[in-house]
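Reader: I have just started learning how to read protein interfaces. Could you walk me through one?

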There are 2 protein chains.
Amino acid sequence: MAPTGLCFEDLRIGQGAELSRVVTEADIRAFAAVSGDDNPLHLDAVFAAETHFKAPIAHGILTASYISALIGTKLPGAGAVYVSQTLQFLRPVKAGDEVRARVEVKALDAAKGRVTLACACSVRGKTVLDGEAVAFAPRRL
Amino acid sequence: MAPTGLCFEDLRIGQGAELSRVVTEADIRAFAAVSGDDNPLHLDAVFAAETHFKAPIAHGILTASYISALIGTKLPGAGAVYVSQTLQFLRPVKAGDEVRARVEVKALDAAKGRVTLACACSVRGKTVLDGEAVAFAPRRL
């Protein structure tokens, strides 16, 4: 049987989902490889030591990908289709940091079958990324 | 010697950069692993066949990561720091598609050392993603 997520009819304002993930150096290298983003700020400890971050930081879009994971696996989940995303990168994320990602339903557009989600990622209680997503959720068959 | 990108002083309105990348099934699987986004829409041909896409599609944030690569490696390049990004996912991208990503300088904020870039990705001449990025570019030493 095919995996199934939530349908549009299952969604309610205020509904939320979250996940936590520890970012590893291997994750940062894997993201650099798959994206082609080998900015030394993310990969080169000597280069990063010269910046005000003092150590390599994770790609912002790697952190953003945990929002994608929440939308694609939990809320709405399997079958959800991304329509748009805004992202503000507020603080650096470094290897070893545990990122807590959270999405919450802010609006529902029944005519279009779309859900608007407030999105945030935090590390040790401080917001590192926030934004807003719109996704299409399948209708109940 | 540390790799170096463009400094804020090197940037001009209208300046652009681009790259092309063929998305592979292996890229989609690697992105699913690093993000945790295993939505079957991206990974499961049987599930995807039941959707209006008919076949698995790449994660929108994977396509967006090519924008990150342009900013982090070309414009401004090494040392650039992401401030914000908006993304509209307009059309699906599938394994085998060649994505052409392009960024162009739209505004420069000398007081903050920030550049605003129009961003777009296209496949076979049709826009699949567009948005706007703001990045910090290092000052010339």
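This is a predicted model: local features need pLDDT of at least 70, side-chain atom pairs count only at pLDDT 80 or more; totals for chains, interfaces and linings use all residues.

Reader: What makes β2 of chain A and β2(B) a pair, and in which sense, parallel or antiparallel, do they run?

Author: Strands pair if DSSP finds at least two bridges between them. Strand β2 (residues 81–89) of chain A and β2(B) have 5 bridges, so they count as paired, in the antiparallel sense. In this pairing, L87(A) stands opposite Q85(B).

Reader: How do you know that chain B is in contact with chain A?

Author: Contact needs heavy atoms within 4.5 Å. By that rule, 39 residues of chain B touch 39 residues of chain A. About 3,100 Å² is buried between the two chains, 65% of it on carbon and sulfur atoms. V34(B), I61(B) and F89(B) supply 19% of the area that chain B buries against chain A, more than any other three residues.

Reader: Which elements of chain B give two or more residues to the side that touches chain A?

Author: They are α1 (25–35), α2 (40–43), α4 (60–73) and β2 (81–89) of chain B. With 9 residues, β2(B) gives the most. Sorted by class, this side of chain B has 21 nonpolar, 13 polar and 5 charged residues.

Reader: How many salt bridges does the rule find across the interface?

Author: A salt bridge needs a side-chain nitrogen of Lys or Arg within 4 Å of a carboxyl oxygen of Asp or Glu. The rule finds 0 across the interface of chain B and chain A. For polar contacts, it finds 14 residue pairs there, both residues at pLDDT 80 or more.

How values were computed:
Residues are numbered from 1 along each chain as its sequence is written. Chains are lettered from A and ligands numbered from 1 in the order in which they are written. Side-chain values use heavy atoms; hydrogens and water are left out. Buried area is the accessible area (1.4 Å probe) that two parts lose on being put together, summed over both. A polar contact is a pair of N or O atoms within 3.5 Å; within protein, one must be able to donate a hydrogen and the other to accept it, and residues adjacent in sequence count only if both atoms are side-chain atoms. Helices (H or I, at least four residues) and strands (E, at least two) are DSSP runs, numbered from the N terminus. Ala, Val, Leu, Ile, Met, Phe, Trp, Tyr, Cys and Pro count as nonpolar, Asp, Glu, Lys and Arg as charged, and the others, Gly among them, as polar.
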